[in-house]
Amino acid sequence: MRAKRRQVVLTLGAALLGGGALALKAAAQSDDQVIKILARRFTYTPNHLTLKKDVPVVLELTTADVLMGFSLPDFNLRTDIMPDQIARLRLVPDKLGTFEFLCDIFCGSGHESMSGTLTVVA
Amino acid sequence: MRQPIDRREFMRLAGYGGVVFASGLGAACSSYPQASGKPAELDDFYFVQMSDAHWGFEGPPNPDAKGTLKKAVEAVNSLSQPPDFIVFTGDLTHTTDDAKVRRQRLSQFKEIVSELKVKDVHFMPGEHDASLDHGEAFQEFFGNTHYTFDHKGVHFIALDNVSDPRASIGEEQLQWLASDLKQQPQDANIVVLTHRPLFDLYPQWDWATKDGAQAIELLLPHPNVTVFYGHIHQEHHQMTGHIAHHAAKGLMFPLPVAGSQPKRTPLAWDPAQPYKGLGFRDVEAQAKQAAFQLTELPVQKA
């Protein structure tokens, strides 16, 4: 299969807090860009993603501590994130807007705040 | 026969004036046999729903965190006519990673609600009580997390959608539910009590039950089903087909309307209107019509 480079702009939530727009240009050697997300009680890093519409990506999710969930209801996507394992989700951002993702496995006193956002741009 | 109008009038005069909501399609419900083989008595009655006490929570959303539950108990005790029974639809306590503290909170909660004059109280867990230990501590204090009981011709089913931290009822409990429903007449007056919404109210905030649709599918063949739940800390009413779902206010802090703000953080305490958004519910059961009349009551007199 012919490798095709696609670029996806990934904006870190931390950069937003700093008032700047730190954009990481990540490239993959396969059709789908891979975005790594680390879950730990009670955050995701990064907790904000900006993706281009109709450009598929693969989310690679790991947890630094306990069993977590990752749910993106508006795209009907979810997975468990097991300790010591990598969970992968292929996401086709086929609609514009900002959408919430969250942990959907109760993980403790900060569970309700464990969320992030995905923004899909043209 | 009770006289609900008189009791409401008393509550209004006593400063407990609540908002009334009618539920039910008015489908006739025939008298159906109980275990005794005799027709059950179909009589009007009322019960009280309390929810989301979150005992152990501390923070700005409720400066009276240690007093609110006690005020609610006093309010229920002051009702002019005592309810037939009381249900607590989960999150009795606020979660903690410490199993010892969890049991302390459950114990303290139990001690406070032991002051309720009505002693027929049915408890359900919320995810804060049960999700970190699969309901182990809850069961030590309050027994089973799912069960049924019957009262004056109404069949009550308590469903547990929190002991699994994935917010699922689970195949085993769904089979138990199916088996129980098979024993009920088609037109039985059925009330389901649970913590999370069985339908997808707002999955973006985890306001859903993963396999709740399967429970609803089992319930749908019965024309007289009503669901009372908690979890979202606010009054909410929604239909799925002919099934009415009613969420109750909480007793610690109110939460925002689904999607109305970026995060599901508690609404701020209003010093000008303390305890605003908190309360409990009076449910009038009109057994013969399989209809319910809900009255929302505050934790403190106006």
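1. Chain B contains seven helices and 12 strands. Here helices (H or I, at least four residues) and strands (E, at least two) are DSSP runs, numbered from the N terminus. The model is a predicted one, in which local features need pLDDT of at least 70, side-chain atom pairs count only at pLDDT 80 or more, and totals for chains, interfaces and linings use all residues. Residues are numbered from 1 along each chain as its sequence is written, while chains are lettered from A and ligands numbered from 1 in the order in which they are written.

2. Of the 302 residues in chain B, 46% are buried, a term that requires 20 or more other C-beta atoms within 10 Å of the residue's own, with exposed meaning 12 or fewer, partly exposed in between, and C-beta atoms placed from the backbone. Among the contacts of chain B with a separation of 6 or more, 73% involve residues 24 or more positions apart. Two residues are in contact if their C-beta atoms, placed from the backbone, lie within 7 Å.

3. Helix α6 (residues 171-182) and helix α7 (residues 212-219) of chain B pack at an angle of about 10 degrees, and their axes are 10 Å apart. The axes are lines fitted to C-alpha atoms, for helices over the stretch in contact, with angles from 0 to 180 degrees between N-to-C directions. α6(B) and α7(B) are therefore roughly parallel to each other; angles under 35 degrees count as such, over 145 as roughly antiparallel, 65 to 115 as roughly perpendicular and the rest as oblique. On α6(B) the contact is made by L174(B), L177(B), A178(B) and L181(B), and on α7(B) by Q214(B), A215(B) and L218(B).

4. Strand β11 (residues 280-286) of chain B is mostly covered, with seven of its seven residues buried. F280(B), D282(B), E284(B) and Q286(B) point one way from the strand, and R281(B), V283(B) and A285(B) point the other way. In a regular strand the side chains alternate between the two faces of the sheet.

5. β11(B) has antiparallel pairings with strand β2 (residues 45-50) of chain B over five bridges and with strand β12 (residues 291-297) of chain B over seven bridges. Two strands pair if DSSP finds at least two bridges between them. R281(B) in β11(B) has Q49(B) opposite, and D282(B) stands opposite T295(B) in β12(B).

6. The largest nonpolar core has 70 residues, and A72(B), V76(B), V192(B) and L251(B) have the most contacts inside it. Such a core is a set of buried Ala, Val, Leu, Ile, Met, Phe, Trp, Tyr and Cys residues joined through C-beta atoms within 7 Å. Leaving aside residues up to four places away in sequence, V76(B) touches V48(B), I86(B), L116(B) and F280(B). A second, separate core of 23 residues includes V57(A), L61(A), F106(A) and L132(B).

7. Chain A has one helix and 11 strands. Buried residues account for 30% of its 122 residues. Of the contacts in chain A between residues at least 6 apart in sequence, 63% join residues at least 24 apart.

8. Four strands of chain A form an open sheet with mixed pairing, in the order β4-β3-β6-β9. β4 (43-45) and β9 (87-91) of chain A stand at the edges with a single partner strand each, so one side of each has no neighbour in the sheet. Strands β3 (residues 33-40) and β6 (residues 57-63) of chain A pair in the parallel sense over seven bridges. Q33(A) has V57(A) of β6(A) as its bridge partner.
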